[in-house]
Every structure is written in C-alpha cells, then in structure tokens.
Amino acid sequence: MLGADGFVGANLVAWLQARGVAHHAIGRAAGDLSEPQTAEAAFRAAPACDLIFHLVTRQRTGPVQYDLQGELLAINSRIHLNVLEAWRRHQPQALLLSAGSSCTYPEQDEPLPEDAFGAPGVHPSVIGYAQAKMLLAAGSRVYAEQYGLKYLHCVLATLYGPRDHLAPERSHFMGAMIARAAREKAAGAQAFTVWGRPDVVRELLYVEDQIEAMMAAARVFENRIVNCAANSPITIGEAAEAIRRALEWEAPIAYPAGTFVSAGRKVLDSSRFLQATGWRPRWTLEEGIRAVLADQASA
C-alpha cells in the first residue's frame, strides 16, 4: 500500500488491521516517491503481493490551487510514473489499484459516466492535478498492455471520515465543515458559517464505505477505469443541515459572499460498478458525521 499516512491510507491500514489482513504499508518514512530511486527501493523491499493500493498524491484544496497548477502537475506526474515503472519491475504479479478523482471529469448537470473521463471542461482550479491523474490512468493502461500487467483505476466519491487532514489548504470540504461547526457551536456563535453555495452538488461517501467499495471493485474488474461510488448526490446545503442535526444545534446557516466555489456539480454515474458488485454503503450521513465529530474531539 502506497500512501499509508494519508487520509484514505491511514483508514485503509486501520481497516486491514481490524480484519487481520496481512499488508505492507509504505508511508512518508520511505521517502519522496517523486524521486525514482525512492520508488525503486520501496517496491524492491516490499514482499510479493496480489494487490497494490496506490493512494499517494500531492494535493491542495481551496483557492490556493490556482497558484500551484504547475507544481501539482509536475510532482504528481513524477510520482505516478515512478510508481508505474517500479510496479512493472518489482511487482508485476500484482493488480495496481489507483485512486482517481472526479476532478478528471468535466462539469455537467448529468451524472458522469466513465467514458466522460478526461473530456474537456475540467474546472480551472484543478487542471494540473487532474492532468496528473489522467496520466496515471493512461499510464496504467499502456503499462498493462505492453507488459501484460493488471490495473484498476477507481474514481472515488467526495470523502469524509476520521483521520482526515484539517489544515486549511489540505482539508476535504466535509471534514472542514464538520470541524468548523463544532468550533462555532462550542464558541457560542450565532450562525454556522458554510463556505461556497448551498446548491453546489457533490457525492459524499464515508471513507470506510469507500474502502469497501474499492475492495469490491477489485474482486470484479480489471484493466479499466471504474466509477466507484453510490449514485447518491447531495447539496452542500443538505450536508450542512445534517451536520446541524448531528450537533443538535439550531443556529442558522450563513453563506458568506466571496468564499471559494469549485465545480457546481460533480456526481459520478457508478451504475456499472453497483450492478456488477452489489456493493452498497453501510454508513448513513448522520452516522458518519457523528463518527467524525467523535474522532475530531479525541484528536
């Protein structure tokens, strides 16, 4: 597993440990995977395995992304190319499962099928990051074709859950919104401040559900891109109301003007995945929010 210290990676480690599943975690202590020698050494030292999770990415959120597009493209592209080369040299028997992002899809009102992957219309705040993810998907395909390997590129939902990053430029929107609500309620604020617009649409998924969805996808699919979510869109306004209910807080919701707004609607069409696997999420939104609140309170 690559990226064992990140949000998804740390939760995947906990998930595997809870089930007694043998695994080899590669985190930041292994070094910088944008350096070829680091990737080579990490893969060479790892035991032979059947499945590799590639969860490593350099990511920033919010308006700061506009100023980092070249950096995010360059660093992430180097990471992905190094991983692909080390995979084929040292772990060719393993299926490489990489985590994709809905930012690689254009903005559109309808749910996004896999054949829209990489189509024109990517939001300008994520062009560099999205291009590197597209390179990873294309690289996985051509490496598989040339060297007889197996891969799966899972495009994930918008995630939330425990062990999330809460630094302003790294936080996922739902984790940050939950933390802000808890702080404001504790401080006696007269309103719950929510950034963006209430009509922005995303597809939220609790991180443990996402891990189980990826596991389900790996049992059924190979050598393709697959949307790996639940076909369950939600507006930012609806998510904010769910947070208020979980906190039992009656303060009104305020949407300050001028806060960062990314793509207005991003919903994956995961019909192929859902039909093939029978997977369904186990966590309701309010159960997930309460779990995040408990995790943040104990941090």
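**Labels and their grounds**

Analyst: This is a predicted model. Leaving aside neighbours within four places in sequence, isoleucine 52 is in contact with Leu2, Phe43, Trp87, Gln91, Ala94, Leu95, Leu96 and Leu97. Isoleucine 52 belongs to strand E1, residues 51-54.

User: Why is isoleucine 52 called buried?

Analyst: Buried means under 20% relative accessible area. Isoleucine 52 has a relative accessible area of 5%, so the residue is buried.

User: How far is isoleucine 52 from alanine 25 in space, C-alpha to C-alpha?

Analyst: The two C-alpha atoms are 10.0 Å apart, while isoleucine 52 and alanine 25 are 27 residues apart in sequence.

User: What makes serine 101 buried?

Analyst: The cut-off is again under 20%. Serine 101 has a relative accessible area of 17%, and therefore counts as buried. Serine 101 is placed in the loop between strand E2 (95-100) and helix H4 (127-147). Not counting residues up to four places away in sequence, serine 101 touches Tyr129 and Val155.

User: What is known of the second largest pocket?

Analyst: The second largest pocket holds about 470 Å³ of space. Of its 21 lining residues, Ala22, His23, His24, Cys49 and Leu51 are the closest to the centre. Two or more residues come from each of helix H1 (7-18), helix H2 (36-45) and E1. E1 gives the most to this lining, with 3 residues.

User: How does the lining of the second largest pocket divide into nonpolar, polar and charged residues?

Analyst: The lining of the second largest pocket has 17 nonpolar, 3 polar and 1 charged.

User: How many aromatic pairs does a search of the whole structure find?

Analyst: The search finds 6 aromatic pairs. One of them joins tyrosine 143 and tyrosine 147, with ring centres 5.4 Å apart and planes at 55°.

User: Why is the pair of tyrosine 143 and tyrosine 147 called tilted?

Analyst: Rings pair if their centres lie within 6.5 Å, and planes under 30 degrees apart count as stacked, over 60 as edge-to-face and the rest as tilted. The centres of tyrosine 143 and tyrosine 147 are 5.4 Å apart, so the rings pair, and the planes at 55° make the pair tilted. Both residues lie in helix H4, 4 residues apart, about one turn of the helix.

User: How do you know that the pair of phenylalanine 192 and tryptophan 249 is tilted?

Analyst: The ring centres of phenylalanine 192 and tryptophan 249 are 5.8 Å apart and the planes are at 35°, so the pair is tilted. Phenylalanine 192 lies in strand E5 (residues 192-193) and tryptophan 249 in the loop between helix H7 (236-247) and strand E10 (253-254), so the pair ties together parts that are 57 residues apart in sequence. Phenylalanine 192 counts as buried at 0% relative accessibility, and tryptophan 249 counts as buried at 11%.

User: What makes arginine 88 a charge over the ring of tyrosine 147?

Analyst: The charged end of arginine 88 is 4.8 Å from the centre of the tyrosine 147 ring, and the distance cut-off is within 6 Å. Arginine 180 lies over the face of tryptophan 195, at 4.2 Å from the ring centre.

Notes:
Residues are numbered from 1 along each chain as its sequence is written. This is a predicted model: local features need pLDDT of at least 70, side-chain atom pairs count only at pLDDT 80 or more; totals for chains, interfaces and linings use all residues. Side-chain values use heavy atoms; hydrogens and water are left out. Buried means under 20% relative accessible area, exposed over 50%, partly exposed in between (1.4 Å probe, protein chains only). Contact means heavy atoms within 4.5 Å. On a 1 Å grid over the protein atoms alone, a cavity is a set of points where a 1.4 Å probe fits but cannot get out, and a pocket is an open set with protein on both sides within 12 Å along at least five of seven lines; lining residues have an atom within 4 Å of a point. Grid points are joined across faces, edges and corners, and a volume is the space filled by probe spheres set on the points. Ala, Val, Leu, Ile, Met, Phe, Trp, Tyr, Cys and Pro count as nonpolar, Asp, Glu, Lys and Arg as charged, and the others, Gly among them, as polar. A charge sits over a ring if NZ of Lys or CZ of Arg is within 6 Å of the ring centre and within 35 degrees of the ring normal.
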